[in-house]
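Here are a few friendly notes to read alongside the structure. Please keep the 3D view open and follow the points in order.

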Amino acid sequence: MKNIAVLTSGGDAPGMNAAIRAVTRSALAKRVSVHGVRQGYAGLIGGNLRPLGARDVGGIIQQGGTILGSARCPEFTTEEGRLRALRSLRQNDIDGLVVIGGNGSQTGAHALWEMGFPVVGVASTIDNDLYGSEITLGVDTALNIALEATDRLKVTAASHQRAFLIEVMGRDCGYLALNVGIAAGAEAIVIPEVETAPEEVAEEVRAAYERGKSHAMVVVAEGATYNASRLEQYFHENRKRLGFEIRTTILGHVQRGGVPSAFDRLLASRLGAAAAEQLIDSEPGVLMGILNGKVSATPLTDVVQSTKRTDPHLWQMARILAR
Ligand code: ADP
């Protein structure tokens, strides 16, 4: 292999830049040149590639987001789109590709691999919903940002004897909500994996006040059936009967853009270096992630066919710890 490319795709995650840096410098150390692809699969289809040298990836390890840009590219989900991407890879003499991204991006990587192109993935998503890695790039930073915001709201909640609803990211997976909830000591946690009716949430809040608490914090994942806006509507419509009101804060994209934590920079460095090594010296068609604390390669075929779910036992534990 003489020339590889690297791209970031889907939702951006803190640590992507550190991974780009690690892929680039590890490949260069093996005398393999590197191209950066702009805007994920869209840049691949449009031939938007440029050479990356060691200095081009300098000063980015501490930056959130991605210097290459990311995008959602519906065209790549079609065979025609992927054939165009393959053509531009060949035109630029690229022999292999590293895809830094989440579930959708790794599904795209798998599709390219199935068409015979050497690809290696790096597990990167703040949702932590990717099979093949216990922890993914960006989760630690997003968790700490959401936790800091929740801690601050708790101070206000306690001062005013209020109930607060905090919505964190997580479309199909409650990992962030559950872990923020446990770490912040939330009175109730609402995640997609555990169906929770609004009456049950109201009961938890009421019971918290009865136990003598001066506040009640409810952390909810955006993908839960009863997300923040539906819960807010329920609480508003029933405020007289319930005897309390609830204030809502949707954290949204502030969770994504943070300065990557030490953990995410280290994870990105390890996974990025391993991805370059795997692509150049070993077997492609895999996702680089962390399993049992070690950098591990999982076939992309297994990654796209399997689902990682949040442990419901932790949800039970959180209820007990919030008593
Ligand atoms: P994430 O990687 O963060 O989960 P998305 O789900 O938006 O983000 O996926 C990112 C991109 O990956 C999509 O815009 C599309 O280009 C590509 N992709 C997603 N699903 C597929 C698929 N089934 N086949 C091919 N490419 C896909």
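1. Four strands make an open sheet, ordered β7-β8-β6-β9, with parallel pairing. Strands (E, at least two residues) and helices (H or I, at least four) are DSSP runs, numbered from the N terminus, and two strands pair if DSSP finds at least two bridges between them. β7 (188-190) and β9 (246-250) are the edges, each with a single partner strand, so one side of each has no neighbour in the sheet.

2. A word on where this comes from: the model is predicted, local features need pLDDT of at least 70, side-chain atom pairs count only at pLDDT 80 or more, and totals for chains, interfaces and linings use all residues. Residues are numbered from 1 along each chain as its sequence is written, and side-chain values use heavy atoms, leaving out hydrogens and water.

3. Now look at β6 (residues 163-168), which pairs with β9 in the parallel sense over five bridges. Within this pairing, Ile166 stands opposite Thr249 in β9.

4. Which residues of α7 are buried? They are Pro198, Val201, Ala202, Glu204, Val205, Ala207 and Ala208, where buried means under 20% relative accessible area (1.4 Å probe, protein chains only). The buried residues of α7 pack against β6, β7, β8, α8 (228-237), α9 (239-242) and α12 (312-321), with contact meaning heavy atoms within 4.5 Å.

5. Just after α7, have a look at Gly212, which takes a positive phi of about 95°.

How values were computed
Buried means under 20% relative accessible area, exposed over 50%, partly exposed in between (1.4 Å probe, protein chains only).
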